[in-house]
Amino acid sequence: CNPTNDIDPTITDGITEVRVYEGQQAGTQVIGPRLWYDEDASESQSEAYFTGGTFEGACDGLFQVDPQDGAVYLVKSFNFNDQFNQRWAWTECDYTAEMCNLDGTCTDMADVRIIIVNINDQAPLMISGSVSVTISEGTTIGTSVTTVLPRDYDQNYDPASSNDFWIAGDALATEYFELNGLDVEVLKEPNIDDGSPSFFDITIMARDDINSPMDVIHVYVTVEPAEEHDPEFEKASYTASVSFHIFN
């Protein structure tokens with residue numbers, strides 16, 4: 001009795017999700033050779049082949065499937081930061097691994113998701129730059145004097161979170177102002193009559209962690225005296241004497 005090739009091969013490794021990191025080089029193996037099983041003893045690996053389905057959108061052209069063993073390779077290197085102008089915000093590529101007989105009938109399919117990971121390799125930047133602002137004496141607590149704009153290119157090009165930057169400066173700057181989200185706000189009402197300064201140099205710093213480069217801007221705040229007092233004489237009355245000479 002000769003064995004017949006009457007049972008289709010099946011993919012058995014159960015791979016459904018893998019991760020690939022930005023900056024990996026072309027030719028990197030993303031998924032190793034697939035495991036599959038065929039009950040037909042006479043059927044060998046060479047009698048079946050794999051297709052990789054279709055990678056669409058931004059994923060198109062990034063990966064290639066080896067038809068011999070189903071392994072997936074990176075076709076070209078990519079970097080989220082290099083693609084800023086193209087606004088690459090995608091992080092997932094889905095494809096269906098298909099196992100086919102030599103006659104062209106594809107009998108088993110396995111969905112796989114390749115998650116593309118944006119690594120933290122860029123320090124946040126303060127793209128708003130230093131700024132000078134003027135406020136009035138007595139500006140109320142919670143008033144925003146300016147808005148800063150940090151940018152972290154590792155966060156899918158969204159503004160950096162408040163954990164990436166903080167306010168600094170001398171003791172008076174941090175006593176009178178605080179950073180609330182993206183806003184520099186009044187923490188204590190400045191009152192020149194009570195001795196508060198009329199000028200503040202506030203430093204805003206951005207850094208991922210202690211080992212990353214730091215970007216710094218300054219917010220220069222000038223406090224103008226408020227028209228809160230009516231003018232008054234120092235004395236209730238004044239005495240003046242006038243002398244003159246009469247010439248003949």
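Two strands are taken to pair if DSSP finds at least two bridges between them. Helices (H or I, at least four residues) and strands (E, at least two) are DSSP runs, numbered from the N terminus. The structure is a predicted model, in which local features need pLDDT of at least 70 and side-chain atom pairs count only at pLDDT 80 or more, while totals for chains, interfaces and linings use all residues. Residues are numbered from 1 along each chain as its sequence is written, and side-chain values use heavy atoms, with hydrogens and water left out.

Strands β2 and β9 run parallel and are joined by five bridges. Val-18 has Ile-114 of β9 as its bridge partner. Strand β9 is also joined to β8, here in the antiparallel sense and by nine bridges; Cys-106 in β9 is the bridge partner of Cys-100. Four residues lie between the strands of the β8 and β9 hairpin, where Gly-104 takes a positive phi near 95°.

A nonpolar core is a set of buried Ala, Val, Leu, Ile, Met, Phe, Trp, Tyr and Cys residues joined through side-chain atoms within 4.5 Å. Buried means under 20% relative accessible area, exposed over 50%, and partly exposed in between (1.4 Å probe, protein chains only). The largest nonpolar core has 24 residues, of which Val-30, Phe-63, Val-72, Tyr-95 and Ile-114 touch the most other members. At least two residues of this core come from each of β2 (17-21), β3 (29-31), β6 (63-65), β7 (72-74), β8 (92-101) and β9 (106-117). Another core, of 19 residues, lies apart from it and includes Val-145, Val-148, Ile-167 and Val-186.

Arg-34 is located in the loop between β3 and β4 (36-37). This residue is buried, with a relative accessible area of 3%. Its side chain makes a polar contact (a pair of N or O atoms within 3.5 Å; within protein, one must be able to donate a hydrogen and the other to accept it, and residues adjacent in sequence count only if both atoms are side-chain atoms) with the side chain of Asp-13, at 2.7 Å. Beyond its neighbours within four places in sequence, Arg-34 is in contact (heavy atoms within 4.5 Å) with residues including Ile-11, Phe-50, Asp-69, Tyr-95 and Val-112.

An open sheet is formed by three strands in the order β12-β16-β15, with antiparallel pairing. Because β12 (144-147) and β15 (177-180) stand at the edges with a single partner strand each, one side of each is left without a neighbour in the sheet. Three bridges pair β12 with β16 (residues 183-186), and Glu-185 in β16 is the bridge partner of Ser-144.
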